[in-house]
Amino acid sequence: MHIGVDLRCLLSPHRTGVGEYTFELLTAILNSDSENHYYLFYNSFLGQALILPNFTGPNIHLLKTSYPNKLFNFAIKVFKYPKLDSLIMKRFELPRLDYFFSPHLNFTCLSTKTKHILTVHDLTYDLFPEFLTMKQRWWHRLTSPKTQCQKAELILTPSENTKRDIINYYHIPEDKVRVIYPGLNPENSKKINSNLTLPEKFILFLGTLEPRKNIAGLITAYESAFHNFNVPHDLVIAGAPGWKNEEVKALTRRSPLRDKIHFLGFIEENNKPALYRAASVFVYPSFYEGFGFPVLEAMQNGTPVITSNRSSLPEITAGTAYLVNPHRSSEIALGLTKIINSSALAERFSILGRAQAAKFNWEKSSQDWLSLLK
């Protein structure tokens, strides 16, 4: 079979959830499949190609276009041109393209003869637009996610929760939406390497700093736990800067514990395991998640986890994390108190979490993906 793949979501210098999903899934697929031919497409006007992973093999073919992105997206949106599958077929002289795989929503136009497989990670832009900037809202609106879902041959989601959201919100037939759980890399393949200077005892959050992650609620809960419940730890907040962080910055400046709240910025992959393992507890009080990689990464490294009882997070943790209502900082504070002051409870969640994280692996994800094509 001839399969087109959209690589445009890998052109960011820092891979977060979607980029990590795309890179790891494609790596697993390309490593295990030598029969089908893959045509990897991307558009790069300013040299972002240097960021791309080096996917190579006799059945792997790369196609780059060099249009200015705004012009390229405008042409696809307004003129329905160029058709991405036609670009691939013309370049490689193919009679057909069996599938075109989009690991993430983007401006996409295909001819009717090519089947589109589309991954939708979550519906934040429809369910919680207040968490996005105006620019992000317009971008998602212009990509027409509902229309793309209606036209797609198959929609993939990382959780049953996102599948339900798509079925209920977009009125898509259930048999058209399939769940393929993302994976985690085996623990023994992770490099334990950290150049970070860390407090002796700390609570950890790791994720993009944006309103949906509820970092303001975490800071409020941390202050309460520190002052009222004997939790003498620092708070470490790690992750890419994100957007709409004014409230978090202001809250930190006003906090009597501001000297104990540390922002580390973006964390390289090879530094994550050491960071997780050094933390006393990992807290991820997000309001909404399509999957939630950091939760399972923390579990894989044996760190007890506190996370939300919302969206996909109860599904992927399956009783192996301490769940809280993210709208109630008092619940987060109580969770911190219980886990930090009870070594038995912390150990229980550490053991359960490791076992749960072991269920997720990219080899299984890739085999599930390939089985859909057959």
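In this predicted model, the number of disulfides comes to zero, given that a pair of cysteine sulfur atoms would have to lie within 2.5 Å to count as one. Cys-9 takes part in no disulfide, since the nearest cysteine sulfur, which belongs to Cys-149, is 16 Å away. Cys-149 is likewise in no disulfide, with the sulfur of Cys-9 as its nearest cysteine sulfur at 16 Å. Cys-149 counts as buried because its relative accessibility is 0%, where the limit for that class is under 20%.

Turning to the chain as a whole, the secondary structure consists of 15 helices and 13 strands. The radius of gyration is 21 Å, close to the 21 Å that the globule rule gives for 374 residues, and the chain is therefore as compact as a globular protein of that length. Along the principal axes, the C-alpha trace spans about 70 × 40 × 40 Å. Some further values for the protein chain are collected here.

| Property of the protein chain | Value |
|---|---|
| Residues that count as buried, of 374 | 56% |
| Contacts joining residues at least 24 apart, among those between residues at least 6 apart in sequence | 69% |
| Accessible surface | about 17100 Å² |
| Part of the accessible surface that belongs to carbon and sulfur atoms | 53% |

As for charge, the protein chain carries 42 positive and 33 negative side chains, and the centres of these two sets lie 5 Å apart.

Among the helices, H11 covers residues 293-300, and eight of its eight residues are buried, so this helix is largely enclosed by the rest of the structure. The buried residues of H11 include Phe-293, Pro-294, Val-295 and Leu-296, and also Glu-297, Ala-298, Met-299 and Gln-300. After H11 comes Gly-302, which has a positive phi, near 80°.

Ile-267 is found in the loop that runs between strand E10 (261-265) and helix H10 (272-278), and with a relative accessible area of 4% Ile-267 is buried. Which residues does Ile-267 touch, not counting those up to four places away in sequence? Ile-267 touches Leu-196, Leu-206 and Ala-238, together with Lys-272 and Leu-275. Tyr-170, by contrast, is 97 residues from Ile-267 in sequence and, from C-alpha to C-alpha, 35 Å from Ile-267 in space.

Notes: Residues numbered from 1 in each chain as written. Heavy atoms only, no water. Buried < 20%, exposed > 50% of the residue type's maximum accessible area, 1.4 Å probe, protein only. Helix = DSSP H or I, 4+ residues; strand = E, 2+ residues; numbered from the N terminus. Rg over C-alpha atoms; globule rule 2.2 N^0.38 Å. Contact = heavy atoms within 4.5 Å. Areas by Shrake-Rupley, 256 points an atom, 1.4 Å probe, with all protein chains shown as cover. Lys, Arg positive; Asp, Glu negative; His and termini not counted. Charge placed at Lys NZ, Arg CZ, Asp CG, Glu CD.
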